[in-house]
Amino acid sequence: MTDPSQYVRTREKGSRDVTYPDAPKPLAVPVYDNHAHLEIEDGVGLSLDEQLDRAAEVGVIGVVQAGGDIDSSRWSAWAAASHPRVLAAVAIHPNEAPAYAAAGRLDEAIGVIDELAAQPRVRAIGETGLDFFRTGEDGRPAQFESFEAHIALAEKHGIAMQIHDRDAHDAVLETLVRVGAPERTVFHCFSGDAAMAGVAADAGYYLSFAGNVTFKNAQNLRDALAVIPRERILVETDAPFLTPVPHRGRPNAPYLVPVTVRFMAEELGVDLDELCAQVASNTVAVYGAFED
């Protein structure tokens with residue numbers, strides 16, 4: 001890929017309603033989207049500028065764009081370098097690591113991530129971690145190798161790390177203890193329970209909550225939200241996935257963050273503006289200022 005700006009992925013539409021929901025009421029205190037995949041076209045598709053403008057209109061003033069392979073990480077770095085409202089995270093996703101390893105290219109891929117991580121607006125290594133849901137036993141050695149290499153990159157460059165953890169809670173926590181977690185470690189789209197949240201809080205990790213915290217079957221996430229210290233909470237979309245209720249299944253985008261953060265404030269019984277101010281402060285503490 002010679003021009004990262006031309007990279008695009010398309011999400012399978014199936015029988016979903018692929019129209020974008022109406023914009024929610026704007027937030028009085030602005031926040032940031034901790035994790036999104038804006039290179040993925042869903043529904044009618046929105047350009048990066050359209051995504052950012054829609055977000056800004058409702059009080060979402062910045063987005064951390066996350067990569068998952070070489071091409072999407074290069075696009076993420078390009079987006080951050082080109083747009084003052086975007087910061088980048090770059091990585092080889094744990095479900096991609098076995099394929100790179102099988103092709104004899106995992107070291108090469110991690111080398112590309114290392115080069116991208118040196119760019120000033122790349123502020124995190126991510127998303128990296130472990131996924132025992134989509135990857136079987138044969139692929140796990142490559143996942144561990146990749147995860148540990150990414151931890152080393154976050155330490156080398158002095159930037160944050162965004163973790164993907166699916167059905168691998170104990171193994172992720174054990175790896176972080178064994179290898180040593182970066183100073184700013186974020187569980188993107190946290191999927192554990194209150195007990196795991198307590199362990200994470202004690203270790204100083206951040207938990208980022210996505211639209212699935214609003215799902216009826218996600219009481220574990222609401223329990224986790226209730227116990228995590230406010231100074232460790234982040235909010236994200238994981239766009240175009242995990243669209244919050246009442247828009248579940250439709251395309252997600254950063255402008256829908258207010259739906260999730262309002263739900264979180266109601267669950268916690270706290271003032272919305274105060275929660276937004278805390279979440280925004282937490283985001284800048286993890287990644288630094290968006291506009292240099």
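Reply: Start with pairing: two strands pair if DSSP finds at least two bridges between them. Strands are DSSP runs of E with at least two residues, helices are runs of H or I with at least four, and both are numbered from the N terminus. The model is predicted, so local features need pLDDT of at least 70, side-chain atom pairs count only at pLDDT 80 or more, and totals for chains, interfaces and linings use all residues. Residues are numbered from 1 along each chain as its sequence is written, and side-chain values use heavy atoms, without hydrogens and water.

Me: What makes β8 and β9 a pair?

Reply: Strand β8 (residues 185–187) and β9 share two bridges, in the parallel sense. The definition asks for at least two, so they pair. Val186 has Tyr206 as its bridge partner in β9.

Me: Why is Pro94 called buried?

Reply: Buried means under 20% relative accessible area (exposed is over 50%, partly exposed in between; 1.4 Å probe, protein chains only). Pro94 has 1% relative accessibility, so it counts as buried. Pro94 sits in the loop between β5 (86–90) and α3 (97–102).

Me: Why are α8 and α9 called roughly perpendicular?

Reply: Helix α8 (residues 219–227) and helix α9 (residues 257–268) pack at about 70°, with axes 10 Å apart. Roughly perpendicular covers 65 to 115 degrees (under 35 is roughly parallel, over 145 roughly antiparallel, the rest oblique). Therefore α8 and α9 are roughly perpendicular.

Methods:
Axes fitted to C-alpha atoms, helices over the stretch in contact; angles between N-to-C directions.
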